[in-house]
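Trainee: Can we go through this one together? I would like to start with the rings and then move on.
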Amino acid sequence: MNTTFTPRLRSIAVAATSLLALGGIGVAASPDLASASDGRAVSQGARAQHLPSTLGRTAMPAGGNIHAAAKTWPQLKSGSRGTNVRTAQHLLSAAGHNVTADGAFGPRTAGAVKVFQKRHGLKADGIVGPNTWHKLVAGTNVTAPNPPSGNGRLTNRQALAQLAAASIKHPSARTSLEGVRARTIQGVIALKRASGCTITITGGTESGHSAGPRSHTKGYKLDLRTRDEGRCVTNWIKNTQRKGKPRGNDPRWHGSLNGISLEYVYETPTRGGIHWDVTFV
C-alpha cells in the first residue's frame, strides 16, 4: 500500500492533526473538526475557515516545517489517553493500520505504532515521539505493495505485520508464514477478537506438515498453542463452537467468524505436542 494518503483520508488526518494542535494550545476545536475526529471527512471550506489563523500561527513554525512542529507535540505511550491518542490513531488508520480511534493507547495501538516505525526506519519502541509524529503527519515516499485479500498469498513480512497490528504474538520457533493465505490471517485475527484470548501460533507454512488441498503448505492451516495462555482459546472453542465428528481419534469443532469458516481439530500427534490444528476457508 502506498502510504501517501487518499484525499478523504488526508482530510481526516489533517483535521485530526488540527485537533492535536488546537488542543495542545488550549483552543477549543470547531464542530467541523470535532466531527472529523469521529471518522467523517471535513470539507475544504471548513479547514480553510478554521486552520490558517490559529494552526498556521501557533502549531507550525515559519516555513511550515512539520518536523520542527512535531518536536513540541506530546509524547504518547502505552496507557496514554485522550484527544492526542485519538489523533495518532486516526493518522495510523490513514496510513493503513487497523486501529480504532477510541483515545486509549492500548496493545493494538502499540502494535500498530511499532509496525509503522519499523516500516519507516524508526526505532520500534511502542512510543509516539517527535520522529514518529513527523512521519505520521508528513507521510512517506516509501511504497509497500497492497497485501492481497481472500485466497491471495502473503509474504512472511506482510503476515507478521498484520498479526502485530492485531497484538497476536510472533509465531514461535521455526514457524514460517511465507505464502500463507490472506484469509487465514484474517481468520486468526477474527478468532482473537471473538475469543478475547492471547493467540500463539506454533505452526504455519513451514515444511513437515501433512500434504493436501487445504494443507499448511497451501496456506490454509495454522497450529495454535493449547498450553499456558492457549488454555483460554481451548476453553472458548469447546464452549462456543459446534462439536463435529472426530477426525480420526482427534476431537473436532466447527464455526464461522466474519464469513470465514473454521475447522478446529484438537490434535494429539505421535510426535510433537498437543495443539489446535485450525483450517480457515
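**Aromatic cluster and other contacts**

Mentor: Trp253, Tyr264, Tyr266 and Trp276 form one aromatic cluster. Rings of Phe, Tyr and Trp (its six-membered ring) pair if their centres lie within 6.5 Å; planes under 30 degrees apart are stacked, over 60 edge-to-face, and the rest tilted. This is a predicted model, where local features need pLDDT of at least 70 and side-chain atom pairs pLDDT 80 or more, while totals for chains, interfaces and linings use all residues. Residues are numbered from 1 along each chain as its sequence is written, and side-chain values use heavy atoms, with hydrogens and water left out.

Trainee: How many aromatic pairs are there by that rule?

Mentor: The count is three. One of them is Tyr264 with Trp276, edge-to-face at 6.5 Å centre to centre and 80° between the planes. Tyr264 lies in strand β5 (residues 260–267) and Trp276 in strand β6 (residues 275–280), so this pair ties together parts 12 residues apart in sequence. Strands are DSSP runs of E, at least two residues, and helices runs of H or I, at least four, numbered from the N terminus.

Trainee: Is Tyr264 buried or exposed?

Mentor: Buried, at 0% relative accessibility. Buried means under 20% relative accessible area, exposed over 50%, and partly exposed in between (1.4 Å probe, protein chains only). Trp276 is also at 0%. Tyr266 and Trp276 form an edge-to-face pair too, 5.0 Å centre to centre with 70° between the planes.

Trainee: Which charged end sits over the ring of Tyr266?

Mentor: That of Lys238, 4.5 Å from the ring centre. The rule asks for NZ of Lys or CZ of Arg within 6 Å of the ring centre and within 35 degrees of the ring normal. Arg181 lies over the face of Tyr220, 4.0 Å from the ring centre.

Trainee: New topic. Which cysteines form a disulfide?

Mentor: Cys197 and Cys232, with sulfur atoms 2.0 Å apart; the cut-off for a disulfide is within 2.5 Å. Cys197 is in the loop between α10 (182–195) and β1 (201–203) and Cys232 in helix α11 (residues 230–240), so the bond ties together parts 35 residues apart in sequence.

Trainee: What about its handedness?

Mentor: The torsion about the S-S bond is about -70°, so the disulfide is left-handed. Cys197 is buried at 1%, whereas Cys232 is partly exposed at 36%.

Trainee: Where is Thr200 found, and what is it in contact with?

Mentor: Thr200 is in the loop between α10 and β1, and is buried at 5% relative accessible area. Leaving aside neighbours within four places in sequence, Thr200 is in contact (heavy atoms within 4.5 Å) with Lys169, Asp223, Leu224, Arg225 and Glu229.
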